[in-house]
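Have a go at each task before reading its solution.

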Amino acid sequence: MIENRPWLTVLSHIILLLGVCAVALPIWIALVASTHTPEAFVQGVIPLWFGDHGAETWGKVLFSAAGNGVDVPVWFMMMNSLIMALAIAFGKIAISIISAYAIVFFRFPMRSLCFWIIFMTLMLPVEVRIMPTYQVISDLSLLNSYTGLALPLIASATATFLFRQSFLTIPGELVEAARIDGAGPWRFFFDILLPMSRTNIAALFVILFIYGWNQYLWPLLITTDDAYFTLVMSIKRMVSVADGAIEWNSVMATTMLAMLPPVIVVVGMQKLFVKGLVDSEK
Amino acid sequence: MAEVILKEVGKTYPNGFNAIPAVDLHIADGEFIVLVGPSGCGKSTLLRMVAGLESITSGELTINGTVMNKKEPADRDIAMVFQNYALYPHMTVFNNMAYGLKNRGVDKATILKKVNSVGDMLGLEELLDRKPKQLSGGQRQRVAMGRAMVRDPQVFLFDEPLSNLDAKLRVQMRVEIRQLQRKLGTTTLYVTHDQVEAMTLADRLVVLNKGNAEQIGTPLELYERPATPFVAAFIGSPSMNLLDAKVADGVLSIGANIRLATDLSFNKNVVWGIRPEHLECLPESAPNEDADFILTVQAVESLGAETLIYGTLEGVETIVVVRLSGPHSPELGSQMKLKAPSAKWHLFDASTQQRL
């Protein structure tokens, strides 16, 4: 910006600060609530500063059973979520980079038909096809398994599409130079395509990890065994208590934990993420 | 080192488009052949067919006596330099040059030795650790050549390698390519649309027009005795003046008014040509009868060492160019008396387009 108007600067900063508050305040309240007794949160006045039950709540949340019918501790559910999110992210990337490779670089019959079929699945997210997908997973006896959690979410048109677009920008001469240099399809994929797609893969990983981590409906549907519960769906379970008080402090602590991994991934991979979406190495 | 023979090599695309009907070309060992022609004439296609990047649909290609029609590019022992260099963006200069050797299973010590010696030859010693992104256009061009040279191939193929460089660098690299090729003695096939590049580099030139080899010969042969009006117009800058004319009863007539005496004995419609540098300008004081024709000046381009004068002849629509050495400044609209010595004429049959 070349303009130099101090009031404009002040005003825009105030707006930005308000935005930050709007996003950060609920998180702050959740953090504070996790350090009070469960009663403090429902008494009408929401506390805005830390209470003295923090250590107690966090210890309980992390190491003992989560309660409300959930027999496993939160860290165990975090592991489940992590396994699922990583499986979805890596599975999607692996499958879509290979299918994009086939669609862009190989001339096989009905190539564009294949692409459009893949593309059409964009219109069929899990929520739309949830009954038939459940049937399939159930017939394959994959209910209550990590495979069942991740597999139906792995097939992905978005990632295939993204890789396709980035492969299309690779000049034909580069492919030909590799051919003359004696690189067959495998070598070309591993020596040239994969390293060139590094930033794309990183950007996709961030998006897909968060997508996988935040899955709610699908895990809720296919897991009945505590050993496979994921964190995001369990928070809901902890709130729906039939009788007795809801342990808001534990719920809030769990929520904080549920937010943590996506934040770590985004912050840690921020640079690669932006690079992958904005520029390319070509 | 190798001999490359194209025997009636042709290309027809699946959609029926016949890009190259049939080209016969015998490239001797160590020869520098330039394929030249306007864009879309099939010169790149022909090169890519030799490289194996395009299939050959008819005829036979042999390199060193082996038929190569069905072989993969990597098995033909050729190396190619592309117009946009096609360097691997994620690899260092060293790895770019070493990649082909690595894929052929050459051991590491040999790779190191070869890449370093080629790097020295091209002045790339300092740049071996850099990525292509960090190099200038000329340096990238060198790396692309280094990648080709490192493999010590039977044949070098160049696909307009200098088009992306600025004018000064282009001249410099042109000289360098010629010297390297002489030194290495590798058979070379080079594609360009730039006729100056073609003339200066080639041992022999192939002028392509719509997939046909119009003429094959040394640069001077093509300049002095072009076989067709197409070659005549393509070789030489500014290009040859070509006018429709008619020979009858010992007189060559151009348009309605120009009559030139000639000792040609046939009667025919012809294309009459003369190079701009062969037209002679008579002094103003010379009598009109001495001049072959009068040019009305329409534009003047002064280049210092020479002057190009554009104008029209009486009764002829085509613009005629005259090239005079040194500075001249005729007024626009003024008239110049020109002489066209008959020894410098080029005559082509108007119907067959062949040289007479």
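**Exercise 1.** Is A:Cys114 buried, partly exposed or exposed?

*Solution.* Bear in mind that this is a predicted model. Begin with the relative accessible area of A:Cys114, which is 31%. Next, recall the cut-offs: buried means under 20% and exposed means over 50%. A:Cys114 is therefore partly exposed.

**Exercise 2.** Work out how the fold of chain A is built and how spread out it is.

*Solution.* First list the secondary structure: chain A holds 15 helices and 2 strands. Then compare the radius of gyration, 24 Å, with the 19 Å that the globule rule gives for 282 residues; the value is well over the rule, so chain A is more spread out than a compact globule. The C-alpha trace spans about 75 × 65 × 30 Å along its principal axes. Now turn to burial: 39% of the 282 residues count as buried. Finally, look at contacts with a separation of 6 or more: 70% of them join residues 24 or more positions apart.

**Exercise 3.** Find which residues make a nonpolar surface patch of about 470 Å².

*Solution.* Start in helix α1, residues 6–33, where A:Trp7 lies. A:Trp7 is exposed, at 71% relative accessible area. Together with A:Val10, A:Ile14 and A:Leu18, A:Trp7 makes the patch.

Key:
Residues are numbered from 1 along each chain as its sequence is written. Chains are lettered from A and ligands numbered from 1 in the order in which they are written. This is a predicted model: local features need pLDDT of at least 70, side-chain atom pairs count only at pLDDT 80 or more; totals for chains, interfaces and linings use all residues. Side-chain values use heavy atoms; hydrogens and water are left out. Patches are made of residues with over 30% relative accessible area and no salt bridge: like charges are joined within 9 Å, nonpolar side chains (Val, Leu, Ile, Met, Phe, Trp, Tyr) within 5 Å. Accessible areas come from the Shrake-Rupley method with a 1.4 Å probe; for residues, only the protein chains shown count as cover. A salt bridge is a side-chain nitrogen of Lys or Arg within 4 Å of a carboxyl oxygen of Asp or Glu. Helices (H or I, at least four residues) and strands (E, at least two) are DSSP runs, numbered from the N terminus. Buried means under 20% relative accessible area, exposed over 50%, partly exposed in between (1.4 Å probe, protein chains only). The radius of gyration is taken over C-alpha atoms; the globule rule is 2.2 Å times the number of residues to the power 0.38. Contact means heavy atoms within 4.5 Å.
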